[in-house]
Amino acid sequence: QWNPKDWSAFQVFRVSLMTSEIISTETETQRRGLKAIFDLQGWSLGHALQINPSLARKISSILSDSFPLKVRGIHLVNEPMFFRPVFAMIRPFLSDKIKQRV
């Protein structure tokens with residue numbers, strides 16, 4: 001569980017990227033791609049306020065241009081209502097292919 005008082009959104013993003021690099025060493029994952037599931041239960045306004053346009057652009061750039069794996073799907077569960085404006089900020093930076101997979 002990400003506590004926004006202890007960790008910034010950028011730090012969480014960096015850890016996610018490092019984890020993804022480890023996952024990308026698996027041959028089957030390289031071949032088949034991956035689906036990510038994000039459980040947003042417990043997400044608060046404190047989380048949402050840490051996502052700014054600069055970070056949104058970095059996240060979308062990694063997903064669309066720099067990520068070495070095929071992203072087959074991104075699933076959001078337990079999405080709070082105030083997550084929609086945050087995602088609306090990220091969405092314009094995503095490629096059409098990634099938009100269809102969220």
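Contact here means heavy atoms within 4.5 Å. The model is a predicted one, so to speak of local features a pLDDT of at least 70 is needed, side-chain atom pairs count only at pLDDT 80 or more, and totals for chains, interfaces and linings use all residues. Residues are numbered from 1 along each chain as its sequence is written, and side-chain values use heavy atoms, with hydrogens and water left out.

Take His47 to begin with. Leaving aside neighbours within four places in sequence, His47 is in contact with Trp2, Pro4 and Gly42. His47 sits in helix H3 (residues 45–48); helices (H or I, at least four residues) and strands (E, at least two) are DSSP runs, numbered from the N terminus. With a relative accessible area of 4%, His47 is buried, where buried means under 20%, exposed over 50% and partly exposed in between (1.4 Å probe, protein chains only). A polar atom of the His47 side chain lies 2.7 Å from the backbone oxygen of Trp2.

Buried in H1 are Ala9, Phe13 and Ser20. Seen down the axis of H1, these buried residues fall within an arc of 40°, so they line one face of the helix, the arc being that of the directions from the helix axis to the C-beta atoms. H4 is part of what covers them. In H4 (residues 53–66), Leu55, Ala56, Ile59 and Ser60 are buried, and their cover includes H1 (9–23) and H5 (83–90).

Then there is the largest pocket, with about 1100 Å³ of space. On a 1 Å grid over the protein atoms alone, a pocket is an open set of points where a 1.4 Å probe fits, with protein on both sides within 12 Å along at least five of seven lines; lining residues have an atom within 4 Å of a point. Grid points are joined across faces, edges and corners, and the volume is the space filled by probe spheres set on the points. Of the 35 lining residues, the closest to the centre of the pocket are Val12, Phe13, Ser16, Phe38 and Ile59. H1 gives the most to the lining, with eight residues.

Key
Polar contact = N/O pair within 3.5 Å; in protein donor to acceptor, adjacent residues only side chain to side chain.
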